[in-house]
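Trainee: I have a sequence and a model on the screen, and I would like to learn how to read them feature by feature. Where do we begin?

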Amino acid sequence: MISKELLEKMNEQITHEFFSAHYYLAMAAYFVEEDLDGFANFFKVQAEEERFHAMKFFEFISDQGEMPDIKGFKDPRKDFSSPREVFELALKHEQLVTGLIHDLMDMAQKDRHYPSISLLQWFVDEQVEEEATMGKLLKKIQRVGSEGAGLLMLDQELAARTFTPPAG
Ligand code: FEO
């Protein structure tokens, strides 16, 4: 049986994942305003991924015979000054989420709660990808700068991203 403490942290993670979706949607809105629709698309798709993550915790908690506890959160930041800053913040946010997932894994391992360990292993792997994606794009932006032809090419590249629910 899942412990009260672990359940509480899992519930908090639902909120963190939905907050991530909101944060990325705020980033998408910034790019719409900047007429960079490909970047906006990238963050809209990222927001969908985050909702998928939130629902994965929701379903897991339900499957454990517990009631998911849905809470609210503060407004996300939305005063971005450049594409580069957005990706710096997005990478920082993913690193924060990785820390939260690792804390959950520590708890699950301490409790020897194998269903949670199995779920969290999926998230540990997913976070490696999430950080890599943001990190690579940040490097590209650092290379091309926040204006000019390079940025428009990157914008075109990101317009092609679509949401496919991750395996697992
Ligand atoms: Fe749900 Fe981007 O981590």
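Predicted model: local features only at pLDDT ≥ 70, side-chain atom pairs only at ≥ 80, totals over all residues.

Trainee: Is M1 buried or exposed?

Mentor: M1 is exposed, because its relative accessible area is 91% and the cut-off for exposed is over 50%. M1 and Q64 are 63 residues apart in sequence, with their C-alpha atoms 7.8 Å apart in space.

Trainee: How do I check a helix, and what should α1 span?

Mentor: Start with the general idea: an α-helix has 3.6 residues a turn, so residues three or four places apart point the same way. For the length, compare the expected span with the distance between the end C-alpha atoms. α1 has 30 residues and should span 44 Å at 1.5 Å a residue; its end C-alpha atoms are 44 Å apart, so the two agree. In α2, the 27 residues reach 39 Å from first C-alpha to last, close to the 39 Å expected at 1.5 Å a residue.

Trainee: Where is R112, and what is its phi?

Mentor: R112 is found in the loop between α3 and α4 (114-144). Its phi is positive, about 50°, although R112 is not a glycine. At 59% relative accessibility, R112 also counts as exposed.

Trainee: Now the aromatic residues. How many aromatic pairs does the structure hold?

Mentor: A pair of aromatic rings is described by the distance of the centres and the angle of the planes. The structure holds 17 aromatic pairs. Take F31 and F87: their ring centres are 6.4 Å apart and their planes are at 45°, so the pair is tilted. This pair links distant parts of the chain, with F31 in helix α1 and F87 in helix α3, 56 residues apart. F31 is buried, at a relative accessible area of 0%, and F87 is buried with a value of 0%.

Trainee: What is the geometry of the F42 and F87 pair?

Mentor: The ring centres of F42 and F87 are 5.9 Å apart and the planes are at 45°, so this pair is tilted. F42 lies in helix α2 (residues 37-63) and F87 in helix α3, so the pair ties together parts that are 45 residues apart in sequence. F42 and F87 are both buried.

Trainee: Which residues form the aromatic cluster?

Mentor: One cluster is formed by F19, Y23, Y24, Y30, F31, F39, F42, F43, F73, F80 and F87. A charge can also be read against a ring: K56 lies over the face of W122, 4.4 Å from the ring centre.

Trainee: How much space lies in the largest pocket, and what lines it?

Mentor: The largest pocket holds about 260 Å³ of space. Its lining has 15 residues, and the closest to the pocket centre are F19, Y23, K74, H93 and L96. Sorted by class, the lining has 7 nonpolar, 4 polar and 4 charged residues. α1 (4-33) and α3 (83-111) each supply at least two residues of this lining.

Trainee: Where do L152 and K139 lie?

Mentor: L152 lies in helix α5 (residues 149-158) and counts as exposed at 52% relative accessibility. L152 and F39 are 113 residues apart in sequence, and 9.6 Å apart in space from C-alpha to C-alpha. K139 lies in helix α4 and counts as exposed at 54% relative accessibility. K139 and E88 are 51 residues apart in sequence, and 9.7 Å apart in space from C-alpha to C-alpha.

Key:
Residues numbered from 1 in each chain as written. Heavy atoms only, no water. 1 Å grid on protein atoms, 1.4 Å probe; cavity = no way out; pocket = protein on both sides within 12 Å on 5 of 7 lines; lining within 4 Å. Points joined across faces, edges and corners; volume = space filled by probe spheres on them. Helix = DSSP H or I, 4+ residues; strand = E, 2+ residues; numbered from the N terminus. Nonpolar A, V, L, I, M, F, W, Y, C, P; charged D, E, K, R; others polar. Expected span 1.5 Å × (residues − 1). Phe/Tyr/Trp six-rings, centres within 6.5 Å; stacked < 30°, edge-to-face > 60°. Buried < 20%, exposed > 50% of the residue type's maximum accessible area, 1.4 Å probe, protein only. Lys NZ or Arg CZ within 6 Å of the ring centre and 35° of its normal.
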